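Reader: I am new to this structure and would like a friendly tour. Could we take it one question at a time?

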Amino acid sequence: MKTQNPFTGLGVALVTPFTSEGVVDYTALRSLIEAQISGGIDFLCVLGTTAETPCLTADEKHLITRACVETVGGRVPILLGAGGNNTQAVIDGIRGADLNGIDGLLIVTPYYNKPSAEGLYQHFKAVAAATELPIVLYNVPGRTGVNLTAEITLRLASEVGNIVAVKEASGNLAQIEAIINGSPEGFDVLSGDDAITLELIGIGARGVISVVGNAYPAEFGRMVHAALEGRHDEALSVHRRFRELYHFMSVDGNPSGIKTFLACRGDIACRLRLPLVPATDATIDSINEWLKKGFEHA
(Lines give C-alpha, C1' and ligand atoms only; values in the text may rest on other atoms or scores of the structure.)
Protein backbone atom coordinates (compact mmCIF):
# COMPACT_ATOMS: atom_id res chain seq x y z
CA MET A 1 0.00 0.00 0.00
CA LYS A 2 1.28 3.46 -0.94
CA THR A 3 2.00 5.84 1.93
CA GLN A 4 0.17 9.14 1.57
CA ASN A 5 2.26 12.09 0.41
CA PRO A 6 1.79 15.15 2.68
CA PHE A 7 4.12 17.32 0.59
CA THR A 8 2.30 19.12 -2.21
CA GLY A 9 1.78 22.78 -3.06
CA LEU A 10 4.36 25.29 -1.80
CA GLY A 11 7.19 23.97 0.30
CA VAL A 12 9.96 26.33 1.37
CA ALA A 13 13.59 25.24 1.73
CA LEU A 14 14.44 27.13 4.91
CA VAL A 15 17.72 29.06 5.21
CA THR A 16 19.88 28.91 8.35
CA PRO A 17 20.58 32.39 9.79
CA PHE A 18 23.80 33.00 11.72
CA THR A 19 24.83 35.58 14.32
CA SER A 20 27.86 37.86 14.09
CA GLU A 21 29.72 35.22 16.13
CA GLY A 22 28.98 32.63 13.46
CA VAL A 23 26.57 30.51 15.50
CA VAL A 24 23.02 29.62 14.49
CA ASP A 25 20.62 32.49 15.19
CA TYR A 26 17.63 30.63 16.60
CA THR A 27 15.63 33.81 17.22
CA ALA A 28 15.90 34.75 13.55
CA LEU A 29 15.19 31.15 12.56
CA ARG A 30 11.93 31.12 14.50
CA SER A 31 10.93 34.49 13.02
CA LEU A 32 11.53 33.15 9.52
CA ILE A 33 9.39 30.10 10.23
CA GLU A 34 6.55 32.27 11.51
CA ALA A 35 6.79 34.39 8.36
CA GLN A 36 6.54 31.27 6.19
CA ILE A 37 3.49 29.97 8.02
CA SER A 38 1.82 33.40 8.01
CA GLY A 39 2.48 33.50 4.28
CA GLY A 40 0.44 30.34 3.78
CA ILE A 41 3.07 27.74 2.89
CA ASP A 42 1.92 24.14 2.62
CA PHE A 43 5.01 22.52 4.13
CA LEU A 44 8.50 23.35 5.35
CA CYS A 45 11.74 21.75 4.18
CA VAL A 46 14.41 21.75 6.89
CA LEU A 47 18.14 20.95 6.50
CA GLY A 48 18.14 20.90 2.72
CA THR A 49 20.68 22.45 0.36
CA THR A 50 19.49 25.98 1.13
CA ALA A 51 20.12 25.44 4.85
CA GLU A 52 23.90 25.10 4.30
CA THR A 53 23.54 21.64 5.83
CA PRO A 54 27.07 20.43 4.87
CA CYS A 55 28.47 23.26 7.01
CA LEU A 56 26.43 22.41 10.12
CA THR A 57 27.57 20.19 12.98
CA ALA A 58 25.57 17.18 14.14
CA ASP A 59 24.54 19.06 17.30
CA GLU A 60 23.41 22.07 15.25
CA LYS A 61 21.34 19.88 12.96
CA HIS A 62 19.62 18.34 15.96
CA LEU A 63 18.93 21.72 17.60
CA ILE A 64 17.70 23.27 14.34
CA THR A 65 15.36 20.33 13.80
CA ARG A 66 13.93 20.59 17.32
CA ALA A 67 13.56 24.38 17.04
CA CYS A 68 11.66 23.96 13.78
CA VAL A 69 9.38 21.27 15.19
CA GLU A 70 8.62 23.34 18.28
CA THR A 71 8.00 26.53 16.33
CA VAL A 72 5.84 24.90 13.67
CA GLY A 73 3.80 23.13 16.32
CA GLY A 74 2.09 20.86 13.81
CA ARG A 75 0.70 23.71 11.72
CA VAL A 76 2.33 22.46 8.51
CA PRO A 77 4.14 19.22 7.62
CA ILE A 78 7.93 19.19 8.00
CA LEU A 79 10.20 17.51 5.46
CA LEU A 80 13.66 16.87 6.90
CA GLY A 81 16.80 16.51 4.80
CA ALA A 82 18.55 13.31 5.86
CA GLY A 83 20.56 12.12 2.87
CA GLY A 84 24.21 11.30 2.34
CA ASN A 85 26.60 9.22 0.26
CA ASN A 86 27.17 6.43 2.78
CA THR A 87 24.06 4.25 2.81
CA GLN A 88 24.67 2.69 6.22
CA ALA A 89 25.47 6.07 7.78
CA VAL A 90 22.19 7.48 6.42
CA ILE A 91 20.30 4.50 7.86
CA ASP A 92 22.05 4.82 11.23
CA GLY A 93 21.34 8.55 11.27
CA ILE A 94 17.64 8.00 10.65
CA ARG A 95 17.37 5.27 13.26
CA GLY A 96 19.24 7.33 15.84
CA ALA A 97 17.51 10.67 15.24
CA ASP A 98 14.70 12.23 17.20
CA LEU A 99 12.06 12.34 14.47
CA ASN A 100 9.11 13.34 16.63
CA GLY A 101 7.20 15.99 14.72
CA ILE A 102 8.86 15.12 11.41
CA ASP A 103 6.44 14.16 8.64
CA GLY A 104 8.85 12.88 5.99
CA LEU A 105 12.48 12.66 4.88
CA LEU A 106 14.18 14.24 1.87
CA ILE A 107 16.91 11.88 0.62
CA VAL A 108 19.36 13.24 -1.94
CA THR A 109 21.16 11.06 -4.46
CA PRO A 110 24.58 9.98 -3.11
CA TYR A 111 27.19 12.51 -4.19
CA TYR A 112 30.88 12.23 -5.11
CA ASN A 113 31.08 8.44 -5.29
CA LYS A 114 28.79 8.36 -8.38
CA PRO A 115 26.92 5.04 -7.97
CA SER A 116 25.45 3.16 -10.90
CA ALA A 117 21.72 3.09 -11.61
CA GLU A 118 21.43 -0.17 -9.68
CA GLY A 119 23.45 1.31 -6.83
CA LEU A 120 21.04 4.25 -6.65
CA TYR A 121 18.08 1.89 -6.58
CA GLN A 122 19.55 -0.23 -3.81
CA HIS A 123 20.55 2.87 -1.80
CA PHE A 124 17.08 4.39 -1.78
CA LYS A 125 15.41 1.03 -1.20
CA ALA A 126 17.61 0.37 1.85
CA VAL A 127 17.09 3.86 3.27
CA ALA A 128 13.31 3.64 2.82
CA ALA A 129 13.28 0.30 4.64
CA ALA A 130 14.83 1.98 7.70
CA THR A 131 11.77 4.13 8.41
CA GLU A 132 8.01 4.21 8.09
CA LEU A 133 8.08 7.91 7.26
CA PRO A 134 7.32 9.08 3.71
CA ILE A 135 10.45 9.49 1.59
CA VAL A 136 10.93 12.21 -1.01
CA LEU A 137 13.75 11.47 -3.45
CA TYR A 138 15.96 14.44 -4.36
CA ASN A 139 17.59 14.49 -7.78
CA VAL A 140 20.02 17.37 -8.31
CA PRO A 141 22.81 16.14 -10.62
CA GLY A 142 24.38 19.60 -10.92
CA ARG A 143 25.40 19.26 -7.27
CA THR A 144 25.81 15.51 -6.82
CA GLY A 145 27.44 14.44 -10.09
CA VAL A 146 24.89 11.66 -10.67
CA ASN A 147 21.45 11.67 -12.27
CA LEU A 148 18.50 9.66 -10.95
CA THR A 149 16.94 8.56 -14.23
CA ALA A 150 13.24 8.33 -14.93
CA GLU A 151 13.57 4.54 -15.13
CA ILE A 152 15.03 4.21 -11.62
CA THR A 153 12.70 6.84 -10.15
CA LEU A 154 9.66 5.01 -11.48
CA ARG A 155 11.00 1.64 -10.34
CA LEU A 156 11.36 3.00 -6.81
CA ALA A 157 7.95 4.68 -6.99
CA SER A 158 6.31 1.42 -8.02
CA GLU A 159 8.14 -0.98 -5.72
CA VAL A 160 8.70 0.95 -2.47
CA GLY A 161 5.52 1.93 -0.65
CA ASN A 162 6.85 4.84 1.40
CA ILE A 163 8.69 6.54 -1.47
CA VAL A 164 6.00 9.10 -2.24
CA ALA A 165 7.59 11.85 -4.38
CA VAL A 166 10.68 13.18 -6.08
CA LYS A 167 12.11 16.67 -5.90
CA GLU A 168 13.35 17.03 -9.46
CA ALA A 169 16.12 19.59 -9.97
CA SER A 170 17.80 18.07 -13.01
CA GLY A 171 16.39 20.68 -15.39
CA ASN A 172 15.80 17.85 -17.86
CA LEU A 173 12.23 18.50 -18.95
CA ALA A 174 11.97 15.33 -21.01
CA GLN A 175 13.07 13.24 -18.03
CA ILE A 176 10.70 15.03 -15.65
CA GLU A 177 7.78 14.62 -18.03
CA ALA A 178 8.56 10.90 -18.37
CA ILE A 179 8.40 10.56 -14.58
CA ILE A 180 5.11 12.44 -14.40
CA ASN A 181 3.57 10.39 -17.19
CA GLY A 182 4.75 7.07 -15.78
CA SER A 183 4.13 7.65 -12.07
CA PRO A 184 1.92 5.20 -10.18
CA GLU A 185 -1.02 6.56 -8.23
CA GLY A 186 0.13 8.28 -5.04
CA PHE A 187 3.57 9.29 -6.33
CA ASP A 188 4.16 12.99 -7.07
CA VAL A 189 6.77 15.15 -8.76
CA LEU A 190 7.86 18.36 -7.03
CA SER A 191 9.83 21.08 -8.77
CA GLY A 192 13.29 21.71 -7.40
CA ASP A 193 13.78 24.82 -9.53
CA ASP A 194 11.71 27.94 -8.89
CA ALA A 195 12.17 29.28 -12.40
CA ILE A 196 10.49 26.32 -14.12
CA THR A 197 7.89 25.54 -11.47
CA LEU A 198 5.03 27.01 -13.49
CA GLU A 199 6.01 24.94 -16.52
CA LEU A 200 6.35 21.74 -14.49
CA ILE A 201 2.97 22.18 -12.81
CA GLY A 202 1.55 22.67 -16.29
CA ILE A 203 2.65 19.14 -17.22
CA GLY A 204 1.56 17.53 -13.97
CA ALA A 205 3.93 18.37 -11.11
CA ARG A 206 2.17 18.76 -7.78
CA GLY A 207 4.23 21.50 -6.16
CA VAL A 208 7.68 22.89 -5.44
CA ILE A 209 10.37 23.02 -2.79
CA SER A 210 11.23 26.68 -3.19
CA VAL A 211 14.15 28.97 -2.42
CA VAL A 212 12.49 32.28 -3.32
CA GLY A 213 9.60 31.33 -1.06
CA ASN A 214 11.84 32.29 1.88
CA ALA A 215 11.30 35.90 0.85
CA TYR A 216 7.85 35.79 -0.74
CA PRO A 217 5.85 32.83 0.57
CA ALA A 218 2.43 34.41 0.00
CA GLU A 219 3.22 35.62 -3.50
CA PHE A 220 5.00 32.50 -4.71
CA GLY A 221 2.30 30.40 -3.08
CA ARG A 222 -0.31 32.36 -5.01
CA MET A 223 1.41 31.39 -8.25
CA VAL A 224 1.73 27.74 -7.25
CA HIS A 225 -1.87 27.39 -6.12
CA ALA A 226 -3.25 29.27 -9.12
CA ALA A 227 -1.33 26.92 -11.41
CA LEU A 228 -2.48 23.82 -9.53
CA GLU A 229 -6.09 25.03 -9.73
CA GLY A 230 -5.93 25.79 -13.46
CA ARG A 231 -5.91 29.59 -13.20
CA HIS A 232 -3.15 29.88 -15.76
CA ASP A 233 -3.38 33.59 -16.53
CA GLU A 234 -3.14 34.51 -12.86
CA ALA A 235 -0.22 32.12 -12.32
CA LEU A 236 1.61 33.46 -15.37
CA SER A 237 1.15 37.06 -14.22
CA VAL A 238 2.75 36.33 -10.85
CA HIS A 239 5.50 34.20 -12.42
CA ARG A 240 6.55 37.09 -14.65
CA ARG A 241 7.08 39.32 -11.60
CA PHE A 242 9.52 36.74 -10.23
CA ARG A 243 11.73 36.49 -13.30
CA GLU A 244 14.43 38.85 -12.06
CA LEU A 245 14.31 37.30 -8.58
CA TYR A 246 15.01 33.88 -10.06
CA HIS A 247 18.21 35.36 -11.47
CA PHE A 248 19.24 36.86 -8.13
CA MET A 249 18.76 33.50 -6.43
CA SER A 250 21.15 31.69 -8.78
CA VAL A 251 23.68 34.15 -10.22
CA ASP A 252 26.07 33.83 -7.24
CA GLY A 253 24.86 30.44 -6.06
CA ASN A 254 22.39 29.17 -3.49
CA PRO A 255 21.95 30.03 -0.64
CA SER A 256 24.18 33.07 -1.22
CA GLY A 257 21.47 34.66 -3.38
CA ILE A 258 18.52 34.23 -1.03
CA LYS A 259 20.48 35.15 2.11
CA THR A 260 21.79 38.29 0.42
CA PHE A 261 18.28 39.17 -0.70
CA LEU A 262 16.86 38.66 2.79
CA ALA A 263 19.67 40.78 4.24
CA CYS A 264 19.04 43.61 1.75
CA ARG A 265 15.43 43.57 2.90
CA GLY A 266 16.46 43.60 6.57
CA ASP A 267 15.11 40.16 7.47
CA ILE A 268 18.38 38.50 8.53
CA ALA A 269 22.09 39.27 8.58
CA CYS A 270 23.95 38.11 5.46
CA ARG A 271 26.29 35.58 7.03
CA LEU A 272 27.31 32.31 5.43
CA ARG A 273 29.83 29.65 6.34
CA LEU A 274 32.84 29.01 4.16
CA PRO A 275 33.21 27.88 1.48
CA LEU A 276 30.07 29.93 0.77
CA VAL A 277 30.24 33.72 0.66
CA PRO A 278 27.62 36.45 0.11
CA ALA A 279 26.61 37.62 -3.35
CA THR A 280 28.75 40.15 -5.17
CA ASP A 281 28.45 43.92 -4.79
CA ALA A 282 26.98 44.09 -8.29
CA THR A 283 24.25 41.64 -7.33
CA ILE A 284 23.56 43.54 -4.10
CA ASP A 285 23.16 46.78 -6.07
CA SER A 286 20.76 45.06 -8.47
CA ILE A 287 18.74 43.61 -5.59
CA ASN A 288 18.45 47.00 -3.90
CA GLU A 289 17.28 48.58 -7.16
CA TRP A 290 14.68 45.86 -7.55
CA LEU A 291 13.50 46.33 -3.97
CA LYS A 292 12.98 50.03 -4.59
CA LYS A 293 10.48 49.15 -7.30
CA GLY A 294 8.73 46.57 -5.16
CA PHE A 295 7.28 43.20 -6.05
CA GLU A 296 4.02 44.54 -7.43
CA HIS A 297 5.89 46.71 -9.95
CA ALA A 298 8.46 44.14 -11.02
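Author: Gladly, and we can begin with a charged residue. At 53% relative accessibility, Glu229 counts as exposed, because the cut-off for exposed is over 50%. Please keep in mind throughout that this is a predicted model.

Reader: With which residue does Glu229 form a salt bridge?

Author: Side chains of opposite charge can pair when their charged atoms come close. For Glu229, the closest N and O atoms of the pair are 2.1 Å apart.

Reader: What separates Lys292 and Glu289 along their helix?

Author: Lys292 and Glu289 form a salt bridge, with their closest N and O atoms 3.3 Å apart. Lys292 is exposed at 67% relative accessibility, whereas Glu289 is partly exposed at 47%. Both belong to helix H13 (residues 281-293), where they are three residues apart, so the separation is about one helical turn.

Reader: Is Lys259 buried or exposed?

Author: Buried means under 20% relative accessible area. Glu52 has a relative accessible area of 1%, so Glu52 is buried. Lys259 has a relative accessible area of 0%, so the word for Lys259 is buried.

Reader: Which members of the largest nonpolar core touch the most other members?

Author: In soluble globular proteins, nonpolar side chains tend to be buried together. The largest nonpolar core here has 84 residues. Those touching the most other members are Leu44, Leu105, Ile163, Phe220 and Phe242.

Reader: How many residues are in the second, separate core?

Author: This core is separate, and its members include Ala13, Leu106, Val108 and Val136. Its number of residues is 14.

Reader: Which residues is Leu44 in contact with, leaving aside its neighbours within four places in sequence?

Author: Leu44 is one of the residues that touch the most other members of the largest nonpolar core. With those sequence neighbours left aside, its contacts are Val12, Leu14, Ile33, Gln36, Val72, Val76, Pro77, Ile78 and Leu79.

Reader: Are H1 and H2 roughly parallel or oblique?

Author: Two packed helices are described by the angle between their axes and the distance between the axes. H1 and H2 pack at an angle of about 40°, with their axes 10 Å apart. Angles under 35 degrees count as roughly parallel. The angle of H1 to H2 therefore makes the pair oblique.

Reader: Which residues of H1 make the contact with H2?

Author: On the H2 side, the contact is made by Glu60, Leu63, Ile64, Ala67, Cys68, Glu70, Thr71 and Val72. On the H1 side, the residues are Tyr26, Leu29, Arg30, Ile33, Glu34 and Ile37.

Reader: What distance separates the C-alpha atoms of Ile37 and Arg75?

Author: Ile37 is in helix H1 and is buried, with a relative accessible area of 17%. Leaving aside neighbours within four places in sequence, Ile37 is in contact with Val72, Arg75 and Val76. Ile37 and Arg75 are 38 residues apart along the chain, and their C-alpha atoms are separated by 7.8 Å.

Reader: Are H6 and H7 roughly parallel or oblique to each other?

Author: H6 and H7 pack at an angle of about 25°, with their axes 9 Å apart. The contact is made by Ala150, Thr153 and Leu154 of H6 and Gln175, Ala178, Ile179 and Gly182 of H7. Angles under 35 degrees count as roughly parallel, so H6 and H7 are roughly parallel.

Technical notes. Residues numbered from 1 in each chain as written. Predicted model: local features only at pLDDT ≥ 70, side-chain atom pairs only at ≥ 80, totals over all residues. Heavy atoms only, no water. Core = buried A, V, L, I, M, F, W, Y, C linked by side-chain atoms within 4.5 Å. Buried < 20%, exposed > 50% of the residue type's maximum accessible area, 1.4 Å probe, protein only. Contact = heavy atoms within 4.5 Å. Salt bridge = Lys/Arg side-chain N within 4 Å of Asp/Glu carboxyl O. Helix = DSSP H or I, 4+ residues; strand = E, 2+ residues; numbered from the N terminus. Axes fitted to C-alpha atoms, helices over the stretch in contact; angles between N-to-C directions. Parallel < 35°, antiparallel > 145°, perpendicular 65-115°, else oblique.
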